[in-house]
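Subject: Handover of a structure

Dear colleague,

Please find below the sequence and structure that I am handing over to you. My notes on what was found follow directly after.

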Amino acid sequence: YGMMMLELNPIRMMDVKGRLVPVACDFKCAFDLDDPAWKRLQLPSHLFASDYSEFEQEINQLRTYQGQSDVFVMNDKGSITAPTFGGGANAMVTELLGDAATISSDFGGNPPYVKMNDISKITFKYWLPQSNILFIIGGKANNTDIYETFRAMADGLRWFFQTHGPIPLYVVVGRGGPNLIRGMGYLRDALDTLGLPYRFFGHDSAMSEVVNYALRGNQWMVSGGKEQIKAKLNIK
């Protein structure tokens, strides 16, 4: 079909009349548009438009061989911002959050501190002012240093509060992998300093339940939680 690159991650199995059929839950590809074979797929022309939001353009400038930085704006009126790590997590989180999600993202691939800190600052600048929940979520990593990523994101939160002032926010975290406890400790200390409420889940928690917890937290924020955090932070 004229593809120069194809990535399927993850692939899951679906039961179709007793037969297991593979299903690509996250599909990425790049076409050679000079090869007419892509026309056999009868794809709509708008798929090849390069109309990116300012947020997407800023994140795309950080693309390097070190770590991933894939983002897509889901709902610019959303209330849950979810920096997500891993293709499988991205597929599940995006589906379960639905319209509540501001962005779809995959920041896995063991990004170094500097890149993750830059990603965090950009993401927080665009989406935290309207968000009720900051939802940091991913599966159990094999090679991503959780301490480095959490340290970068915690420092990004400190930067946001110092630059833009405090905001009412509930932080939900679900993650596993190398240096998890050290990373959670650093993030916890930062959140305590900022006065933000939080809830952490380890890799032994089902990801779907963690997503549901974030959705319940969003409802709590709407029904009075946000005002409670404002009062605690002395935000008028």
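In which loop is P10 found? P10 sits in the loop between β1 (3-8) and β2 (11-16); helices (H or I, at least four residues) and strands (E, at least two) are DSSP runs, numbered from the N terminus. The peptide bond that joins N9 and P10 is cis, with omega at about 5°.

Before going further, please note that this is a predicted model, in which local features need pLDDT of at least 70 and side-chain atom pairs count only at pLDDT 80 or more, while totals for chains, interfaces and linings use all residues. Residues are numbered from 1 along each chain as its sequence is written, and side-chain values use heavy atoms, with hydrogens and water left out.

Leaving aside neighbours within four places in sequence, G88 is in contact (heavy atoms within 4.5 Å) with P10 and R12. G88 counts as partly exposed because its relative accessibility is 24%; buried means under 20% relative accessible area, exposed over 50%, and partly exposed in between (1.4 Å probe, protein chains only). From G88 to F135 there are 47 residues in sequence and 16 Å in space, C-alpha to C-alpha.

Helix α2 (residues 87-97) and helix α6 (residues 207-233) pack at an angle of about 40°, and their axes are 10 Å apart. Axes here are lines fitted to C-alpha atoms, for helices over the stretch in contact, and angles run from 0 to 180 degrees between N-to-C directions. The two helices are therefore oblique to each other, given that angles under 35 degrees count as roughly parallel, over 145 as roughly antiparallel, 65 to 115 as roughly perpendicular and the rest as oblique. On the α2 side the contact is made by A89, M92, V93, L96 and L97, and on the α6 side by M207, S208, V211 and L215.

Which residues does N117 touch, not counting those up to four places away in sequence? They are A152, D155 and G156. N117 lies in helix α3 (residues 113-127) and counts as buried, at 8% relative accessibility.

Q42 is in the loop between β4 (27-31) and α1 (54-60) and is exposed, at 71% relative accessibility. N179 is in the loop between β10 (170-176) and α5 (180-194) and is partly exposed, with a relative accessible area of 38%.

Finally, the structure holds zero disulfides, a disulfide being a pair of cysteine sulfur atoms within 2.5 Å. The sulfur of C29 is 16 Å from the closest cysteine sulfur, in C25, and so is too far for a bond. C25 is partly exposed, with a relative accessible area of 30%, and C29 is partly exposed at 27%.

With kind regards
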